[in-house]
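Hello,

Here is the model I promised to pass on to you. Please have a look at it first, and my notes will follow below.

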Amino acid sequence: MQQAVRKPGLTWDPEKFAVRTLVARLIEMGEVTIHEDPVALADLSPIIEASNTAHLFRQAGPERQEVIAAMSSSRKRLAVAFGVPEEKMREEYARRVANPQKPFEVPSGEAPVHEVVETGAQIDLTRLPFHVQHEYDGGPYITSGIDFTRDPLTGRSNVGARRMMLRGRDKVGINLTAPSDLREIYLGCVARGERLPCSFAVGVHPLYTMAAGSRSIGQEIDGMATLRGEPLPVVKCLTNDLLVPADAEMIFEGYLDERGYIDNEGPYGEYMGFYGP
């Protein structure tokens with residue numbers, strides 16, 4: 001089942017929904033604490049939790065990478081993501097949900113996320129800012145990723161927001177213990193001895209994350225376009241047939257192993273103040 005169609009001649013602004021554009025706007029509003037000096041990965045979470053602002057780390061970890069945190073963790077900042085005053089946010093959300101949108105496919109050469117490609121021996125996830133976020137976490141995490149899969153039996157796209165636990169240079173673990181569409185899709189693949197192609201987007205607009213955490217009927221990737229309020233530019237992955245946001249900062253392409261649950265994952269400090277299994 002096709003998820004998006006090419007629209008020759010359709011123009012789109014790759015900066016409009018880029019994370020960098022939103023961060024720049026939040027900085028202008030005084031909503032971001034900027035850390036210019038190097039910060040160890042182990043120190044990120046205590047700093048983030050110490051104030052209610054968003055945080056931009058210019059030199060995080062040994063690779064001195066830029067990391068943005070908490071950019072949508074207040075109503076005010078989320079309203080900026082919607083592009084409306086805070087008091088109009090609920091009305092704008094309802095308006096967008098009532099006007100469904102669709103994705104459209106762009107060529108790889110037009111997708112900012114394909115400007116830099118690393119494959120094979122070049123892949124080294126340990127260079128990225130995975131970090132321990134709570135005292136008893138089972139390992140370092142990136143928790144802002146959005147996962148993209150497709151049910152091989154129905155062709156329906158599935159989108160979710162799941163944590164990634166670093167397990168090696170080219171391996172992460174994810175949590176599928178809770179009931180979800182992806183859990184059922186994956187268990188079906190395991191029963192058939194099939195790998196499930198899966199791609200993760202990291203560094204995406206908060207509205208994409210909000211859509212990923214919502215249930216929807218039909219092609220779930222459509223929900224990202226709907227909350228965006230206009231068609232969503234997507235690009236086909238380089239190693240599988242999945243479609244992902246063309247304006248994401250990073251895409252991880254891989255698969256969920258056909259062997260099923262072979263490694264422990266977690267525990268992880270959940271939002272309600274307790275550790276999950």
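**What I found**

Methionine 165 stands opposite glycine 173 in β10. The model is predicted, so local features need pLDDT of at least 70 and side-chain atom pairs count only at pLDDT 80 or more, while totals for chains, interfaces and linings use all residues. Residues are numbered from 1 along each chain as its sequence is written, and side-chain values use heavy atoms, with hydrogens and water left out.

That pair of residues belongs to an open sheet of three strands, ordered β6-β9-β10 and paired in the antiparallel sense. Strands here are DSSP runs of E with at least two residues, and helices are runs of H or I with at least four, both numbered from the N terminus. Two strands count as paired if DSSP finds at least two bridges between them. At the edges sit β6 (141-142) and β10 (171-173), each pairing on one side only. Three bridges link β9 (residues 164-168) to β10.

**The chain as a whole**

The chain has seven helices and 16 strands. Its C-alpha trace spans about 50 × 45 × 35 Å along the principal axes. The radius of gyration is 18 Å, which agrees with the value near 19 Å that a compact globule of 277 residues would have (taken over C-alpha atoms; the rule is 2.2 Å times the number of residues to the power 0.38).

Of the 277 residues, 44% are buried; buried means under 20% relative accessible area, exposed over 50%, and partly exposed in between, with a 1.4 Å probe and protein chains only. Among contacts (heavy atoms within 4.5 Å) between residues at least 6 apart in sequence, 65% join residues at least 24 apart. The chain exposes about 14600 Å², with carbon and sulfur atoms supplying 52% of it (Shrake-Rupley method, 1.4 Å probe).

Helix α7 (residues 221-228) is mostly covered, with seven of its eight residues buried. Among them are Ile221, Met224 and Leu227, and also Asp222 and Arg228. Just after α7, glycine 229 takes a positive phi of about 85 degrees.

Phenylalanine 274 lies in the loop between β15 (268-269) and β16 (275-276), and it counts as exposed because its relative accessibility is 59%.

**Backbone details in loops**

A cis peptide bond joins glycine 266 and proline 267, with omega about 0 degrees. Proline 267 is in the loop between β14 (250-256) and β15.

Arginine 64 is not a glycine, yet has a positive phi of about 55 degrees. Arginine 64 sits in the loop between β3 (54-60) and β4 (65-69) and, at 43% relative accessibility, is partly exposed. Alanine 70, also not a glycine, has a positive phi of about 60 degrees. Its place is the loop between β4 and α3 (75-82), and with a relative accessible area of 26% alanine 70 is partly exposed.

Best wishes
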